[in-house]
Amino acid sequence: MELLFDQQHTVKVQLPAKEGNFSIRELLPWIRDKLLRERPELFMQGDTVRPGVLVLINDVDWELEGELEYQIAEGDRITFISTLHGG
Amino acid sequence: MPPTPCSICQRERAMLRRPKTLQRLCRSCFYAVFETEVHQTIQRHGLFKRGDRVAIGASGGKDSTVLAYVLKLLNERYDYGLELFLLSVDEGITGYRDDSLETVKRNRDQYALPLKIISYEELYGWTMDRIVEAVGRKNNCTFCGVFRRQALDRGALLLGVDHIVTGHNADDVAETVLMNILRGDIARLQRCTEIMTAGDAEGAVRRSKPFKYAYEKEIVMYAYFKKLDYFSTECIYSPNAYRGYARAFLKDLEASRPSAILDIIHAGEALLIRADVKMPTQGQCERCGYVASNRLCKACVLLEGLNRGLPKLGISGRASVPDGPAVSAKQP
């Protein structure tokens, strides 16, 4: 993951101002276009993360938080963990 | 969304959905079910007996780090009476293995387990860096897979252990089933789902996979929640394209039906090979004495190719010389 994001472990971002909240569905392509440094296909597939990438919202599995529909709030910490590498 | 309560204790906040059962669990209930299931796997299959000296194949990656942590914990909790060691292979990959070995050294101190590192350089006279220089980036995973398997056995002999455990998880086993089907490798297809392989007199040590039924997601979440110190960088030479496709396919299947992984393992276990299918017989390598299905073992053939400047020797995929413990042994 760090490789895709220019070796950065944690990135603090200010999302562009808009009416209402951002959902994860909107966040993913924004990350891909603004933050990703290489190989976007290792991050996204279709409109979601590539299978094998785990997503945590404030340390909670996103599968419990509505996945793509989750509405991001101020100060949320979104973690992406890739499982697609060897030992 | 309001926080979901844990489906076991009904009290704490659920932190993850288990892919295997779709249960929503809090941290402590997740730790409890994960650890208990590994314990039950160990008991049900009789992997260990009291007094066994057991080497944990440790790469510094998530699987082997969680394995070392959990095995040490279970050994104390249930008093297995095992003597545990960390065994690492240094393939000689600058910028990758040297960094991951630093992680293993920290694990050695964190878990107070003795560590033995065995290198390709000392065993074969070649580092992976030099092998890649000689053979290019296309087939180097074959060399690495074959050499690693043997290196772990040699390291185990040096440590005088009875048993090697590896961090292969359910996803790895399912992926290997798929790959062996895709390659028509019937002999490995039959062997690859076994949780334990017997040792033999020729120097192969008993091996097992205590995480055979543990999903990768559970292992990653366990490591994440417990803040275990592991190394998560892709091998710089890794484009093992074929395995990559199998893995991506498996992950797609899992996304639409999480039980797919256990289903594939089950299918592999239930396969029965017809009695009249000719299987390779396992003998002994004439040169080094290691298990071999031909006159020479795969490692000796590959090594001869390297030393004679004919690196293609042994990798021009003839059916009688299947090219890969790279397949039966994704690195632990």
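Biologist: How many of the 10 residues in helix 12 of chain B are buried?

Modeller: Keep in mind that this is a predicted model. Helix 12 of chain B spans residues 298-307 and is mostly covered. Its buried residues include B:Cys300, B:Leu302 and B:Leu303, and the count of buried residues is seven.

Biologist: Okay, and which helices are included in what covers the buried residues of helix 12?

Modeller: Take B:Leu306, one of the buried residues in that helix. The cover over the buried set comes from chain B and includes helix 4 (120-124), helix 5 (128-135) and helix 6 (140-159).

Biologist: Which residue takes a positive phi just after helix 12 of chain B?

Modeller: Helix 12 covers residues 298-307. Just past the helix, a phi of about 75 degrees turns up, and the residue is B:Gly309.

Biologist: On to the interface: what area is buried between chain B and chain A?

Modeller: The contact draws on 30 residues from chain B and 21 residues from chain A. Carbon and sulfur atoms give 55% of the buried area, which totals about 2,300 Å².

Biologist: Which residue forms a salt bridge with A:Asp59?

Modeller: The rule finds five salt bridges across the interface of chain B and chain A. In the one with A:Asp59, the closest N and O atoms are 3.9 Å apart, inside the 4 Å cut-off. The partner is B:Arg27.

Biologist: Which element gives the most to the side of chain B that touches chain A?

Modeller: Strand 1 (16-17), helix 9 (216-225) and helix 10 (241-256) of chain B each give two or more residues to that side. With six residues, the top contributor is helix 9.

Definitions and conventions:
Residues are numbered from 1 along each chain as its sequence is written. Chains are lettered from A and ligands numbered from 1 in the order in which they are written. This is a predicted model: local features need pLDDT of at least 70, side-chain atom pairs count only at pLDDT 80 or more; totals for chains, interfaces and linings use all residues. Side-chain values use heavy atoms; hydrogens and water are left out. Contact means heavy atoms within 4.5 Å. Buried area is the accessible area (1.4 Å probe) that two parts lose on being put together, summed over both. A salt bridge is a side-chain nitrogen of Lys or Arg within 4 Å of a carboxyl oxygen of Asp or Glu. Helices (H or I, at least four residues) and strands (E, at least two) are DSSP runs, numbered from the N terminus. Buried means under 20% relative accessible area, exposed over 50%, partly exposed in between (1.4 Å probe, protein chains only).
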